[in-house]
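Biologist: I am new to this structure and would like to learn how to read it. Could you walk me through some of its features?

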Amino acid sequence: MKEKYTLTEDGFVGYWHPAGGHEGRAVIVFPGSGADYEMTRKGSEFLRKAGWSCLLVAFAGWDGLPEDPVLAPVEYAEKAVNVLKEAGYERIAMYGISAGAKFAITAASLILDVSLVIAASPFDYTTEAFKGTKALNQSTFSWRGEPLPYDPTVTLHRNIISVLFRTAFSKKYGMKRMLRGCYDENVQTEKARIKVENMHADFLMQCPGYDDCWPSDEAVPRMKKILKESGYPYRVQATVYEKGSHLLCGDLMAAPEYLKSMRKILQAEYTDQDACNKAREDSMKEALEFLKEWK
């Protein structure tokens, strides 16, 4: 394995962080929205400290990739899987928070060599790509050169200023739930749903009791129900952290300035940061326990 993988030489952007335990198994780590390499490394370091070798793989924002995912190829994940297999890693997991969780479940639904997925605050529909507040009329993800079906981001096709003003001053949302208010405007269609039932993987999904960013608190029980009804044959664990925030299952204590800034954006973090910190701690422990049971 190389320390660094580049788009030019390897077809994906990645950084390898080996650990001493769990021979033949590795975890691919995807960053959340806006998380650079260093933040992703710090946030996922709890995995490596527990002996899990990690390959950090970006789908946007790093090393020349677009800042926001626009037709981001799921092949980035496939190439990373193939690199690990060629290096002798027979069992491969994927882990992500927020947008990274959505990329992880998308990849695992298409790449059947993945045998375990940890998704913190995931959303199970492919949405429209955007740049700033401009809708791009494109999917966020692509596969085999074709855009994945997506649902339009409704608010970006309206007068965004009036939408944000209305959301910010509504009783339901307010300033610190504006993102959630925008996502709740979307109309979800079956064609854009990420088909998690196609995965061949043990699946741990986590969400807060109410997600201030996007409706992961609706996505997690929905995915659990779909998997149960489909007779999904792999291990499924769905946990709701009632007093947690969108930011679960990452060591954000290693990024205190970022955590401080999130108090200004997320209602849950503003209301009770101690409870949010406890939920993060518990969700990381749960992830490590789930990995221990990986057969």
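This is a predicted model: local features need pLDDT of at least 70, side-chain atom pairs count only at pLDDT 80 or more; totals for chains, interfaces and linings use all residues.

**Salt bridges and a pocket**

Biologist: How many residues apart are Lys278 and Asp282 in helix H10?

Modeller: They are 4 residues apart, so about one helical turn separates them in helix H10. Lys278 has 45% relative accessibility and therefore counts as partly exposed.

Biologist: Which residues do salt bridges with shared partners join into one network?

Modeller: That network is made of Arg180, Asp184, Asp217 and Glu218.

Biologist: How many salt bridges does the structure hold?

Modeller: There are 21 of them. Another one pairs Lys85 with Asp113, whose closest N and O atoms are 2.9 Å apart. Lys85 belongs to helix H3 (residues 75–86), while Asp113 sits in the loop between helix H4 (99–110) and strand S7 (114–120), so the bridge ties together parts 28 residues apart in sequence. Lys85 is partly exposed at 39% relative accessibility, and Asp113 is partly exposed at 38%.

Biologist: Is Asp124 buried or exposed?

Modeller: Asp124 is buried, with 1% relative accessibility. Its salt bridge partner is Arg222, and the closest N and O atoms are 2.7 Å apart. Asp124 lies in the loop between S7 and strand S8 (128–131) and Arg222 in helix H7 (residues 216–229), so this pair links parts that are 98 residues apart in sequence.

Biologist: Now for pockets. How does one find where empty space is left?

Modeller: The general idea is to roll a probe the size of a water molecule over the atoms, which shows where empty space remains. Here, the second largest pocket contains about 150 Å³ of space.

Biologist: Which elements give two or more residues to the lining of that second largest pocket?

Modeller: They are helix H9 (267–271) and helix H10 (273–292). H9 gives the most, with 3 residues. The residues lining the second largest pocket include Arg177, Tyr210, Gln267, Thr271 and Cys276.

Biologist: How many residues of that lining are nonpolar, polar and charged?

Modeller: The lining of the second largest pocket divides into 4 nonpolar, 3 polar and 5 charged residues. Asp212, Glu242, Lys243 and Asp272 are among the lining residues too, so you can look for them in the structure and count them as charged.

Note on methods. Residues are numbered from 1 along each chain as its sequence is written. Side-chain values use heavy atoms; hydrogens and water are left out. On a 1 Å grid over the protein atoms alone, a cavity is a set of points where a 1.4 Å probe fits but cannot get out, and a pocket is an open set with protein on both sides within 12 Å along at least five of seven lines; lining residues have an atom within 4 Å of a point. Grid points are joined across faces, edges and corners, and a volume is the space filled by probe spheres set on the points. A salt bridge is a side-chain nitrogen of Lys or Arg within 4 Å of a carboxyl oxygen of Asp or Glu. Buried means under 20% relative accessible area, exposed over 50%, partly exposed in between (1.4 Å probe, protein chains only).
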